[in-house]
Every structure is written in C-alpha cells, then in structure tokens.
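Work through the exercises below with the sequence and the model at hand. Try each task before reading its solution.

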Amino acid sequence: AVVSTQSTGKKKMRKMRGVTMLPSKLKDISVLAICHEDEHPEAYNNGALYCISPDALDQITPALLEEYKTVVCSLKAFPSLSKIARILRNKMPHERKGTVSPNIGSALKSSMQAVEWEMVDSTNHPDYYNVTVPLSKSDYPFATLEDHVSIMFDDIMKHKPAKQRPDEFIERVELAWSDGNLHLDIRKQISKHKATEVSVLKKKYTREETWGLREAAEEKQENIEEEKEKIRRELEERWTRVQS
C-alpha cells in the first residue's frame, strides 16, 4: 500500500517514521534471540532461529548479524546489550519496535507482526511524502486486509501535525497487488461531503431550522457510509480475484 501525505505551510513537515503492530503475521523472518538459557525453549517454540545467552555475547559479530533480519531480547538480558551496541547498530532491540519484552515469546511475535514505515519524498510532488508498507498476504481473508488498512491508516494519522486539518493530511491511498492497483482519492471523497457540511453559528434556531440541521447531518453521515461501503465492496471483489 502507498499512502500519500501532504505537508502544508511555508516550512515542509519533517519526515516521520513509526512502527505499527498488525494482528496477523505478514512475514517469515530470521530472528536472533538474546535471552537467558531458561528462556531458550520458549524462544525456539516461537520462531527464533538461534538463541544466545547474555554471558556469550562475544559470539555476536557483524558477520553473524548478516544472517538475521531481526534481533530480539528479553527484558532481563537487555542491560547487557550496551557492550555490543556498536555491533548491533540498527538491529539493536527496542521497546518501541516490540523487540524487547519481559516475555521473549511476545518479543518474537511482535517482531513478525511489526511493520516499520517512514515518510519518503514523493517523486511526483515536492510537497508530499509517500509511505509504502505491506498489508496482507494473498491467502489471508478479506477481513484481515480490511483490518490492516484501518489500523495502518489510523496509526499514520496519529503523526499528523497539530496545526494541520485531518482532511488535509492524507491525500491518497493506493493498494497494489499482482493484477493491478486500486486508487482511493481521499481528498476527492472528502470534497463530496463538504457540500452537505453545516456550520452551526451562535444564534437561536427555530424548530424547523433545528430539524433541517439534524437532517443535513444525518444525510452527510449516510453519504459517508455509502462511500465506505462502495470502497469496501470494490476491495473485496478485487481481493477475491487475487486469491482465485
């Protein structure tokens, strides 16, 4: 999926990055677990390829790390990693990424369900950033894709600058798979609803005006739900074709 966000104002918004935890595993990755010996069985049962105890950290070399995509660590063993921080570098376990946990099994599950993302400059427009992330496997049901899109969308929205309007932050969502792309123009959908927006002024309204405002608000909400349902149906139809 590609999500396009807009930077407004004279000064361009700084690039942001984050880690989103999705309910379903998207990747099978090679994981190195650093934990005490009594935790090794649990680590292997949850997908670790190799376990190293804190008293054997001298085994960890740059060459060894090249064999593993991710390094996870139990909370008890984490203080010992300061000795090899320069070797681990960008593979250093971190609580924000879910790769450090009191329970080594949880850290391993998080490492396989975490999706790291960052904003990169758009090649088409200097005022926009793109966020490209994986969202589902082709053999997952449509409900999983739907959940993952919603979670990722909400997580990126949390990084919206305080001064920026929500309807001006995310411009476009593009879902891509083997048989083509599906573009969701967020700004276009929002503009359809602005025609029905009602600004409530500080004055007294007659009974008829009050009912008019209420009906306009209900009509707007119905339009939004209709648009969401149309998008959902189109997505489900395309996803069924991907799986067939």
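Patches are made of residues with over 30% relative accessible area and no salt bridge, where like charges are joined within 9 Å and nonpolar side chains (Val, Leu, Ile, Met, Phe, Trp, Tyr) within 5 Å. A salt bridge is a side-chain nitrogen of Lys or Arg within 4 Å of a carboxyl oxygen of Asp or Glu. Accessible areas come from the Shrake-Rupley method with a 1.4 Å probe, and for residues only the protein chains shown count as cover. Lys and Arg count as positive, Asp and Glu as negative, while His and the chain ends are not counted. The place of a charge is NZ of Lys, CZ of Arg, CG of Asp or CD of Glu.

This is a predicted model, in which local features need pLDDT of at least 70 and side-chain atom pairs count only at pLDDT 80 or more, while totals for chains, interfaces and linings use all residues. Residues are numbered from 1 along each chain as its sequence is written, and side-chain values use heavy atoms, with hydrogens and water left out.

**Exercise 1.** Find which residues form the negative surface patch, and classify Glu-222 as buried, partly exposed or exposed.

Solution.
- Step 1: the patch consists of Glu-215, Glu-218, Glu-219, Glu-222 and Glu-226.
- Step 2: Glu-222 belongs to helix α7, residues 207–243. Helices (H or I, at least four residues) and strands (E, at least two) are DSSP runs, numbered from the N terminus.
- Step 3: buried means under 20% relative accessible area, exposed over 50%, and partly exposed in between (1.4 Å probe, protein chains only). Glu-222 has a relative accessible area of 48%, so this residue is partly exposed.

**Exercise 2.** Give the strand order of the open sheet and state which strands are at the edges.

Solution.
- Step 1: two strands pair if DSSP finds at least two bridges between them.
- Step 2: the four strands follow the order β4-β3-β5-β6, with parallel pairing.
- Step 3: β4 (50–52) and β6 (100–101) each pair on one side only, which makes them the edge strands.
- Step 4: three bridges join β3 (residues 31–34) to β4, with Ile-34 opposite Ile-52. Four bridges link β3 and β5, where Ala-33 faces Val-72. Two bridges link β5 and β6, and Cys-73 has Val-100 as its bridge partner.

**Exercise 3.** Why is β5 described as largely enclosed?

Solution.
- Step 1: Thr-70, Val-72 and Ser-74 point one way, Val-71 and Cys-73 the other way, and all are buried.
- Step 2: five of the five residues of β5 are buried, so the strand is largely enclosed by the rest of the structure.
- Step 3: as one case, Ser-74 has a relative accessible area of 0%.
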